[in-house]
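Keep the sequence and the 3D view side by side as you read.

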Amino acid sequence: KALTIAVGTIICIAGLAILLFPAAIVSLAPHPLTTAQLYASGLIRIALGALFVSVGAAARVPWLMRTLGGISLLAGIGTLFLELQRAAAIAVWISGASVTTLLLLGLIPLILGALVIYACGPARRAV
């Protein structure tokens, strides 16, 4: 569970960085992407999904961790089948997105990270 909380914290920090520095995302998006980077991204998503699913039984909110894990597994598998040109098109779309869109996209990892931290936190005790 400690590893999962650390991962949730990193996800929150990434979301916060997007919210604080949306221009940085725009500057990173158009950089060329290699096949190895795309596969690494997919494998990381699969590993995170497996971690979330495995922690699900011990989590405060098991169904949430299993659901997030399943979504991450599916996203990772989908990434492995994503063509490099399609990934580049997504990056171009992000680089042309408005600041409002980038801020909304930054909320996603911030909220997901917070959910992971909450779901894996200590069980609440009745007072």
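Which residues in α4 meet α6, and which residues in α6 do they meet? This is a predicted model, so read each contact below as part of a prediction. On the α4 side, the residues are Leu64, Met65 and Leu68. On the α6 side, they are Leu112, Leu115, Val116, Ala119 and Cys120. By class, this contact has 8 nonpolar residues, with no polar and no charged ones.

Now look at how the two helices lie. Two packed helices are described by the angle between their axes and the distance between the axes. For α4 and α6, the axes come within 9 Å and cross at roughly 140°. The two helices are therefore oblique to each other, as roughly antiparallel needs an angle over 145 degrees. The crossing of α4 past α6 is left-handed.

Turn next to α1, which also packs on α6. The axes of α1 and α6 come within 7 Å and cross at roughly 160°. That angle is over 145 degrees, so α1 and α6 are roughly antiparallel to each other. Here, too, the crossing is left-handed. From α1, the contact includes Thr4, Ile5, Gly8, Thr9 and Ile11. It also takes in Cys12, Gly15, Leu16, Ile18 and Leu19 of α1. Among their partners in α6 are Leu102, Leu103, Gly106, Leu107, Pro109 and Leu110. Gly113, Ala114, Val116, Ile117 and Cys120 of α6 belong to this contact as well. By class, the contact of α1 with α6 has 15 nonpolar and 6 polar residues, and no charged ones.

Next comes α3. This helix covers residues 35-55, 21 residues in total. From its first C-alpha to its last, α3 reaches 30 Å, close to the 30 Å expected at 1.5 Å a residue. Which residues of α3 are buried? They are Leu38, Gly42, Gly49, Leu51, Phe52 and Val55. What covers them includes α1 (2-20), α4 (62-80), α5 (84-95) and α6 (99-120).

Ser72 sits in helix α4. Is Ser72 buried or exposed? Ser72 is buried, because its relative accessible area is 12%, and buried means under 20%. Leaving aside neighbours within four places in sequence, Ser72 is in contact with Arg45, Ile46, Leu48 and Gly49. Of these, Gly49 is itself one of the buried residues of α3.

Conventions. Residues numbered from 1 in each chain as written. Predicted model: local features only at pLDDT ≥ 70, side-chain atom pairs only at ≥ 80, totals over all residues. Heavy atoms only, no water. Helix = DSSP H or I, 4+ residues; strand = E, 2+ residues; numbered from the N terminus. Expected span 1.5 Å × (residues − 1). Buried < 20%, exposed > 50% of the residue type's maximum accessible area, 1.4 Å probe, protein only. Contact = heavy atoms within 4.5 Å. Axes fitted to C-alpha atoms, helices over the stretch in contact; angles between N-to-C directions. Parallel < 35°, antiparallel > 145°, perpendicular 65-115°, else oblique. Left-handed = near helix turned anticlockwise from the far one by under 90°. Nonpolar A, V, L, I, M, F, W, Y, C, P; charged D, E, K, R; others polar.
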